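Here are some notes to read beside the model. Please keep the structure open and find each residue as it comes up.

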Amino acid sequence: MSDSHRAKTIAIVGAGEMGAAVGRRLRESGARAITTLKGRGAASVERVRDAMLEVIDDDDQLVAESAIILSIVPPGEAVVVAERLRRPLMRAAVKPIFVDCNAISPATVRRIADSLAPTGCGFIDAGIIGGPPRPGGKGSEPRFYASGEHAHELTSLRDFGLGFGLNLAVVDGGIGAASALKMSYAGLTKGLIAVGAAMFGAASRAGLAAELREELARSQPQLLAMLTAMIPRIYSKAYRWVSEMEQIAEFVGGDATGGKIYVGAARLYEQLAADFEQGRDTAESIAALNLFCRGELKR
């Protein structure tokens, strides 16, 4: 493979909604976007097909042909992916840059960076804030925050004429800085959604859901609008947010600094995920939240 062709090859490990959408955006911007479907299910296969990504399931080949590897997987899989690619990275004659884009704590991302250091690959700590990029650049776009010695090499992709097609920003502070920013942002947004779901549920069980909704409409209309719009969207994602809350708890620290808040949020999302598996309409907790969010409450 020529150096110029390899320079425009970016591998995405993780064919979830974000990973597939990022791959599509890279391809639309002129990159060669490759991925792997190892261990992935039918939904991932369909997403990759829709995004028209090139599939390479041999890890050594994937590493050898890539200039950059983007790891975009659920937080609980981040260490597993890095460990899986460690030996192929060790064997590669030309080393790609490994970019950990996962919602993990600074301590976890530093452990991953240390584990990959003997391979000789460059390493970038990245955090993605926002939803998956949409085809054609329509709608709000996610921002990639990058930190570490090699962070500037993400933005230097523009030198290859790719445009990259993604919103990029470099954060000072070394490995762990981008992840700390991501943890702080997600702790606020997803943490607030967890608090809302917990209190809507508690008010419903106490028979005071209508009164709480009326008071929020009177005194906190913006908060009510945000929570009632966001909570119904989380059920199918709750299983992914469990390990993210646990990572945020590690970042926040012990009881005195609020870490236990996020342990509780993890357990709440774990229960919502289990209830969602039961069925949206039959799970009592989800039915109560839906009634609250739709305002279909009786005194």
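Predicted model: local features only at pLDDT ≥ 70, side-chain atom pairs only at ≥ 80, totals over all residues.

1. Is aspartate 59 buried or exposed? Aspartate 59 counts as buried, because its relative accessibility is 8% and the cut-off for buried is under 20%. Its side chain meets that of lysine 38 in a salt bridge, with 3.4 Å from N to O. The two partners sit in distant parts of the chain, 21 residues apart: aspartate 59 belongs to helix α4 (residues 59-64), while lysine 38 is in the loop between β2 (32-35) and α3 (42-51). Lysine 38 counts as partly exposed, at 39% relative accessibility.

2. Why can such a pair form at all? Side chains of opposite charge can pair when their charged atoms come close. By the rule used here, the model has 15 salt bridges.

3. A second salt bridge joins the side chains of arginine 86 and glutamate 83, again with an N to O distance of 3.4 Å. Both residues are in helix α5 (residues 78-91), and because they are 3 residues apart, about one helical turn separates them. An α-helix has 3.6 residues a turn, so residues three or four places apart point the same way. Glutamate 83 is partly exposed, with a relative accessible area of 43%.

4. Which residue forms a salt bridge with arginine 111? The partner is glutamate 250, and the closest N and O atoms of the pair are 3.8 Å apart. Arginine 111 is partly exposed at a relative accessible area of 49%, and glutamate 250 is partly exposed at 38% relative accessibility.

5. Next, look at helix α9 (residues 209-219). Its buried residues are Ala209, Ala210 and Leu216. Viewed down the axis of α9, these buried residues fall within an arc of 130 degrees, so they line one face of the helix. Among the elements that cover them are α8 (177-205), α10 (221-230) and α13 (284-294).

6. Helix α13 also holds leucine 289. With a relative accessibility of 3%, leucine 289 counts as buried. Which residues is leucine 289 in contact with, leaving aside its neighbours within four places in sequence? They are Ala197, Phe200, Gly201, Ile231, Tyr235 and Leu272. Valine 195 is 94 residues from leucine 289 along the chain, and the C-alpha atoms of the two are separated by 12 Å.

7. The last item is the largest pocket, which has a volume of about 1500 Å³. How many residues line the largest pocket? There are 48, and those nearest its centre are Met18, Gly130, Gly131, Pro132 and Arg240. At least two lining residues come from each of α2 (17-28), α3, β6 (122-129), α8, α10 and α11. By type, the lining of the largest pocket divides into 25 nonpolar, 10 polar and 13 charged residues.

Conventions. Residues numbered from 1 in each chain as written. Heavy atoms only, no water. Buried < 20%, exposed > 50% of the residue type's maximum accessible area, 1.4 Å probe, protein only. Helix = DSSP H or I, 4+ residues; strand = E, 2+ residues; numbered from the N terminus. Arc of directions from axis to C-beta. Contact = heavy atoms within 4.5 Å. Salt bridge = Lys/Arg side-chain N within 4 Å of Asp/Glu carboxyl O. 1 Å grid on protein atoms, 1.4 Å probe; cavity = no way out; pocket = protein on both sides within 12 Å on 5 of 7 lines; lining within 4 Å. Points joined across faces, edges and corners; volume = space filled by probe spheres on them. Nonpolar A, V, L, I, M, F, W, Y, C, P; charged D, E, K, R; others polar.
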